[in-house]
Amino acid sequence: MDLIVTNARIVDRPAAAPLDIGIANGRIAAIAPDLGADAETYDAGGRLVCAGLVETHIHLDKSRIVDRAPLPDGRRVNPVTLVAPLKPGMTVEDVYARAEATLRECLVNGTTRMRTQVEVDPGIGLRGFEAIRALADAYRWAIDIEICVFPQEGLTNYPGTDELLVAALRQGAPVLGAAPRYDSDPAGQLGRIFALAREFDVDLDLHLDVGDSPEHMDIHQVLALTERYGRGGRVVVGHMAKLSLLPPGEVAAMARRLADAGIAVTVLPATDLYLMGRDQEHAVRRGVADANLLAAHGVTCSLSSNNVLNPATPYGDCSLIRIANLHANLLQVARPAELRDLFLMLSEHSARLLKLADYGLKEGNPADLVVIDAATPEQAVAEIRPPLAVWKRGRRTVIRHPPELLAP
Ligand SMILES: [Zn+2]
């Protein structure tokens with residue numbers, strides 16, 4: 001053994017006695033009480049240990065530009081039209097530097113796996129894609145990053161975008177996204193995206209159903225296309241904020257349809273809370289889909305950061321645990337079992353959504369470990385407890401000390 005993390009409270013058995021996790025050659029070699037082998041040790045002190053936090057939906061490429069886009073007057077905010085004029089001026093180096101700063105915050109907050117959305121269109125060309133690919137290579141020692149390319153400003157209405165998406169897919173982009181809301185022909189965009197996914201045999205991760213009214217929802221077309229193209233298990237939809245405008249019975253019925261179709265959902269509380277209800281001046285709706293309710297009806301759900309310090313979300317410290325706490329607070333989630341489910345939507349369930357076959361505290365898996373300064377997952381979410389130590393494939397990547405009060 002190269003390392004033993006002792007006294008670890010395993011995330012899916014928080015009530016059991018702490019165990020030791022033995023690591024050899026970058027993989028988990030054993031999980032048992034008192035391994036006691038001759039190796040370097042780290043005493044987790046009975047704290048919670050998980051196999052790393054999983055960010056399933058973030059926009060590294062357009063993070064940290066809030067200072068470049070002054071807010072318009074009034075309550076209405078369209079983040080896409082605020083960002084679009086900035087994109088021609090973004091170089092590969094600029095995207096890389098901002099994305100790197102955001103990524104480093106994700107790392108110190110315990111994220112070890114990530115899917116990031118990357119915009120591709122004539123405004124930014126393939127520069128964002130190129131920058132994030134280089135960043136993913138440079139940080140492979142600390143995190144696995146998967147890229148999802150997508151058209152943010154429309155596909156059918158923005159000549160040249162289709163060709164660039166095809167170029168990115170030819171260069172190996174493993175996931176394709178969409179944003180039909182910003183297309184003059186939303187149905188046309190979704191049809192084309194599903195056709196491309198079949199042609200290039202890639203998974204789909206779509207921005208879907210944000211808006212002030214639930215009358216029209218694109219999810220119905222996505223359900224039909226998923227069935228027609230046989231893509232069940234390979235489709236994720238992000239946001240689904242309009243579900244927050246429906247009564248729980250209708251949400252539950254939709255959840256069962258999504259679960260049966262093999263469509264997973266990523267809820268993005270920070271952005272939806274910031275952007276929804278802009279048509280209202282008082283009694284503003286919260287606008288965040290209830291991930292616990294969806295999960296209770298069988299949907300694979302994750303919670304993620306989405307935007308960080310840009311016109312779509314001018315906040316963010318890249319703490320996924322804070323995002324789970326925000327979701328709990330917004331949706332008035334208080335039962336320990338439901339808070340625990342929210343933690344799983346940053347870890348196990350997120351890994352299932354991304355189809356990470358080698359994720360988890362299990363012998364033989366890569367030794368991705370995060371020690372969190374909490375005794376249970378529900379405490380971590382309720383108190384936004386910080387990660388204290390992180391290993392990626394057995395290599396220590398993060399040391400973090402909680403603040404300490406001095407003696408009088
Ligand atoms: Zn997004």
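This is a predicted model: local features need pLDDT of at least 70, side-chain atom pairs count only at pLDDT 80 or more; totals for chains, interfaces and linings use all residues.
Let me begin with the overall dimensions: for 408 residues a compact globule would have a radius of gyration near 22 Å, and the chain, at 21 Å, agrees with that, the radius being taken over C-alpha atoms and the globule rule being 2.2 Å times the number of residues to the power 0.38. Residues are numbered from 1 along each chain as its sequence is written, and side-chain values use heavy atoms, with hydrogens and water left out.

The chain has 13 helices and 16 strands, which are DSSP runs numbered from the N terminus (H or I, at least four residues, for helices; E, at least two, for strands). Of its 408 residues, 55% count as buried, where buried means under 20% relative accessible area, exposed over 50%, and partly exposed in between, with a 1.4 Å probe and protein chains only.

Turning to the metal, the zinc ion has as its protein donors His 57 (NE2), His 59 (NE2), His 207 (NE2) and Asn 306 (OD1), at 2.0 to 2.3 Å; donors here are N, O and S atoms within 2.8 Å of the metal (3.2 Å for Na, K and Ca), and sites may look incomplete, as water is not among the atoms. The arrangement is irregular because the four donor atoms subtend angles of 85 to 172° around the zinc ion, while four donors count as tetrahedral if all angles lie between 85 and 135 degrees, and four count as square planar and six as octahedral if opposite donors are over 155 degrees apart and all others between 65 and 115, anything else being irregular. His 57 belongs to strand 6 (residues 53-58) and Asn 306 to the loop between strand 13 (301-303) and helix 10 (320-331), so this pair ties together parts 249 residues apart in sequence. Both His 57 and Asn 306 are buried.

Finally, the structure holds four aromatic pairs, meaning rings of Phe, Tyr and Trp (its six-membered ring) with centres within 6.5 Å, stacked if the planes are under 30 degrees apart, edge-to-face if over 60, and tilted for the rest. One of them is Tyr 42 with Trp 391, edge-to-face at 5.1 Å centre to centre and 80° between the planes, which links strand 4 (residues 40-43) to strand 15 (residues 387-392), the two residues being 349 apart. Tyr 42 and Trp 391 are both buried.
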